[in-house]
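Trainee: I have a new model open and would like to learn how to read its features. Could you walk me through a few of them?

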Amino acid sequence: MTLTLMILRHAKSGWDDPLLADHDRGLTDRGVENATALGRWMRGKGIVPDLIVSSDATRTRKTVAHLLTGLEQQAQVQFDAALYNASAATLLRRITQTTGATNVLICAHN
């Protein structure tokens with residue numbers, strides 16, 4: 001089985017609240033628009049993940065939600081705290097643990 005891997009950095013996030021923890025930062029309006037537009041573009045190209053593995057940070061959760069809105073499709077989504085600011089080795093390890101999916105999208109930070 002061939003795995004198609006898509007790697008996505010979260011959409012544009014905001015720094016409006018200096019008291020908010022980095023993990024809890026959301027998206028800007030531009031980030032929301034871009035994530036939704038990317039989903040529409042992917043749908044138009046037939047690039048549809050059947051599994052999304054994402055950091056559990058607020059901005060990656062929201063990126064995934066708006067991406068799915070644009071895709072107008074559902075996918076299995078797994079949120080993984082280990083992907084928050086993960087190293088390349090951690091991302092690779094998580095990817096190699098993925099089973100049962102052929103089109104996997106990773107949404108993280110770096």
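Predicted model: local features only at pLDDT ≥ 70, side-chain atom pairs only at ≥ 80, totals over all residues.

Trainee: Is E72 buried or exposed?

Mentor: For that we use the relative accessible area, where over 50% counts as exposed. E72 has 62%, so it is exposed.

Trainee: Now helices. How many residues does α1 have, and how far does it reach?

Mentor: A handy check is to compare the end-to-end span with the value expected at 1.5 Å a residue. Helix α1 (residues 29-45) has 17 residues and reaches 24 Å from its first C-alpha to its last, close to the expected 24 Å. After α1 comes G46, with a positive phi near 75°.

Trainee: Which residues of α1 are buried, and where do they fall around the axis?

Mentor: The buried ones are G31, A35, T36, G39 and M42. Seen down the axis of α1, its buried residues fall within an arc of 130°, so they line one face of the helix. On the other side of α1, D29, E33, G44 and K45 are exposed.

Trainee: What do the buried residues of α1 pack against?

Mentor: They pack against β1, α2 and β4.

Trainee: And how should I read a nonpolar core?

Mentor: The general idea is that in soluble globular proteins, nonpolar side chains tend to be buried together. Here the largest nonpolar core has 11 residues, including M6, M42, V64, L105 and C107. At least two residues of this core come from each of β1 (4-9), α2 (58-71) and β4 (103-108). The largest share, 4 residues, is supplied by α2.

Trainee: Leaving aside its neighbours within four places in sequence, what is V64 in contact with?

Mentor: With that exclusion, V64 is in contact with I52, S54, V77 and C107.

How values were computed. Residues numbered from 1 in each chain as written. Heavy atoms only, no water. Core = buried A, V, L, I, M, F, W, Y, C linked by side-chain atoms within 4.5 Å. Buried < 20%, exposed > 50% of the residue type's maximum accessible area, 1.4 Å probe, protein only. Contact = heavy atoms within 4.5 Å. Expected span 1.5 Å × (residues − 1). Arc of directions from axis to C-beta.
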